Amino acid sequence: MSKRILTMQDLSCVGQCSLTVALPLLSAYGVEAAVLPTAVLSNHTMFKGWSYLDLTPEIQNIYKFWRENNFKFGGFLLGYLGKKELMDLAEECFDNFSEEGAEIIIDPAFGDNGKLYGGFDGAYVEAMRHLIRRADIILPNMTEVCFMTGLEYREKYDRDYVDRAVAEMAKYTRGTIIITGVELDGLIGEAIYTGGKIQYVLSELLPARLHGTGDIFAAVFAAERWSGVGLAGSCASAGDFVADCIRRTDGSHFYGACFEEVLRGKIKKV
Ligand code: PXL
């Protein structure tokens, strides 16, 4: 099954994240990806400084031509948006450009390790919490769950805490909740909450934490999902892919994960 999907996130000129990660991954998995770039940054915000060209003012113009050309998308993958005004524009996009049954996957992508990324504030978090009511699937990490729900952030936790996290999150969306980067019993993976039940997909916890791995996870997850793979299978594939990227990235490469080699290995196999 081939469908055209839309991914809405920033374009960071340098740094392996958002569109520079999503596009090659989606394409390699055979998913036709259209893009709605929300901003152009010189580099991602984990570097010392960055320029930021806000593309919000261009979006209505883009929509005008999309309407004229009658474009529709079979799915949406949202990542780092950048400005809270983009949440309304995202909703307008779902309302105007969805094919019947189009699935909306939202990675809130505003924080990690108990902190917001640079440039974000409480108003952004609140706007994201409002937007996720439209999602079929959300992919927050624990930091994002805590900011959106008010749950206290913890470095170490148990299954009860994860149960509380999904219960709190479920107040804001009827979609499937997949908490990423959950660390339990010395393993790492996802807590999938759907139909009132929680299921874990856990595997080896590697010592390194790298920037942009959430974006790699989201892109591979969405690609698998839109190729017809189930929730747990898509999580397992995306988790394995991220783990391979971490193994391939040496410690001096501090700003992202080297996904290119992993992707090349997969393409060679096919
Ligand atoms: O990986 C998330 C991300 C995406 N885009 C930009 C970022 C970040 C995380 O910091 O700064 C611009």
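In which loop is Asp-185 found? Look between β9 and β10 (187-194): that is the loop that holds Asp-185. Before going further, keep in mind that this is a predicted model. The chain's secondary structure comes to nine helices and 11 strands. Its radius of gyration is 17 Å, close to the 18 Å given by the globule rule for 270 residues, so the chain is as compact as a globular protein of that length.

**The chain as a whole**

- Along the principal axes, the C-alpha atoms fill a box of roughly 55 × 45 × 40 Å.
- Of the 270 residues in the chain, 50% are buried.
- Take the contacts between residues at least 6 apart in sequence: 67% of them join residues at least 24 apart.

- Nine strands make up an open sheet with mixed pairing, in the order β3-β2-β1-β4-β5-β8-β9-β10-β11.
- The edges belong to β3 (52-54) and β11 (197-204). Each has a single partner strand, so one side of each is left without a neighbour in the sheet.
- As background, strands of a sheet pair through backbone hydrogen bonds, and they can do so parallel or antiparallel.

**Strand β4 and its partners**

- Is strand β4 (residues 73-78) largely enclosed or left open by the rest of the structure? Six of its six residues are buried, so β4 is largely enclosed.
- With strand β1 (residues 4-14), β4 pairs in the parallel sense over four bridges. Thr-7 stands opposite Leu-77 of β4 here.
- Strand β5 (residues 98-106) also runs parallel to β4, and five bridges join the two. In this pairing, Phe-73 stands opposite Ser-98 in β5.

**Around β8 and Ala-135**

- Strand β8 (residues 137-138) pairs with strand β9 (residues 176-184) in the parallel sense, over two bridges. Ile-137 has Thr-176 in β9 as its bridge partner.
- Ala-135 sits in the loop between α4 (122-131) and β8.
- With a relative accessibility of 6%, Ala-135 counts as buried, because the cut-off for that is under 20%.
- Which residues does Ala-135 contact, leaving aside its neighbours within four places in sequence? They are Ile-104, Ile-106, Thr-173 and Gly-175.
- Thr-249 is 114 residues from Ala-135 along the chain, and the C-alpha atoms of the two are separated by 32 Å.

**Two residues with positive phi**

- For context, most residues other than glycine have a negative phi.
- Asn-113 is not a glycine, yet its phi is positive, near 50°. You'll find Asn-113 in the loop between β6 (111-112) and β7 (115-116). Its relative accessible area is 39%, so Asn-113 counts as partly exposed.
- Asp-185, back in the loop between β9 and β10, has a positive phi of about 50° and is not a glycine either. Is Asp-185 buried or exposed? Its relative accessibility is 61%, so Asp-185 counts as exposed.

Terms used: Residues are numbered from 1 along each chain as its sequence is written. This is a predicted model: local features need pLDDT of at least 70, side-chain atom pairs count only at pLDDT 80 or more; totals for chains, interfaces and linings use all residues. Side-chain values use heavy atoms; hydrogens and water are left out. The radius of gyration is taken over C-alpha atoms; the globule rule is 2.2 Å times the number of residues to the power 0.38. Buried means under 20% relative accessible area, exposed over 50%, partly exposed in between (1.4 Å probe, protein chains only). Contact means heavy atoms within 4.5 Å. Two strands pair if DSSP finds at least two bridges between them.
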